[in-house]
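Visitor: Please show me the sequence and the structure. I will ask on what grounds each term is applied.

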Amino acid sequence: MIQTQFNLASSTWGAEEKQAIQTMVAFANAQGGWLFFGVNNDGTANGVHIGENTLERLATAVRDHTYPSLPVVVEEPFPYGGKNILSVEVPPDVPPVIG
């Protein structure tokens with residue numbers, strides 16, 4: 001897991017969000033995997049704030065910033081450690097995705 005704070009509710013996407021997309025691309029170019037937003041490396045929850053259209057905006061950002069478009073599955077937030085956690089399933093991709 002990656003320990004990074006992502007402001008998923010923000011109306012703008014910055015360097016941290018680009019890092020998340022690059023991580024998804026790396027997962028896709030390997031064996032796929034899951035990216036969890038709101039979980040520290042030690043497994044503790046710090047949670048994420050989910051704003052209006054956050055899930056759709058995240059999926060759109062991944063689609064728009066990868067070629068070929070990376071077909072991630074953005075799951076509904078779920079509770080963990082008293083906080084909201086967001087998970088993204090990244091399938092393995094062949095040929096490699098560029099992002």
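Visitor: Which residues of α1 are buried?

Guide: In α1, the buried residues are Glu-17, Ala-20, Ile-21, Thr-23, Met-24, Val-25 and Ala-28. Buried means under 20% relative accessible area, exposed over 50% and partly exposed in between, with a 1.4 Å probe and protein chains only. This is a predicted model, in which local features need pLDDT of at least 70 and side-chain atom pairs count only at pLDDT 80 or more, while totals for chains, interfaces and linings use all residues. Residues are numbered from 1 along each chain as its sequence is written, and side-chain values use heavy atoms, with hydrogens and water left out.

Visitor: What makes Thr-23 buried?

Guide: Thr-23 has a relative accessible area of 11%, and the limit is under 20%, so Thr-23 is called buried. Thr-23 lies in helix α1, residues 15-29. Its C-alpha atom is separated by 9.4 Å from that of Gly-99, 76 residues apart along the chain.

Visitor: What covers the buried residues of α1?

Guide: The cover includes β1, α2 and β4 (83-90). Helices (H or I, at least four residues) and strands (E, at least two) are DSSP runs, numbered from the N terminus.

Visitor: How do you know that the span of α1 agrees with its 15 residues?

Guide: The expected span of a helix is 1.5 Å times one less than its number of residues. For α1 that gives 21 Å, and the end C-alpha atoms are 21 Å apart, so the two agree.

Visitor: Why does Gly-43 count as buried?

Guide: Gly-43 has 19% relative accessibility; the limit is under 20%, therefore Gly-43 counts as buried. Gly-43 is found in the loop between β1 (33-37) and α2 (54-64). Gly-43 and Tyr-80 are 37 residues apart in sequence, and their C-alpha atoms are 9.9 Å apart in space.

Visitor: Why is Thr-66 called buried, and what does its side chain reach at 2.7 Å?

Guide: Thr-66 counts as buried because its relative accessibility is 6%. Thr-66 lies in the loop between α2 and β2 (73-74). Its side chain reaches the backbone oxygen of Val-62 at 2.7 Å and the backbone nitrogen of Leu-70 at 2.9 Å.

Visitor: How many helices and strands are there in the protein, and what percentage of its residues count as buried?

Guide: The protein has two helices and four strands, in the pattern α-β-α-β-β-β along the sequence. Of its 99 residues, 33% count as buried.

Technical notes: Polar contact = N/O pair within 3.5 Å; in protein donor to acceptor, adjacent residues only side chain to side chain. Contact = heavy atoms within 4.5 Å.
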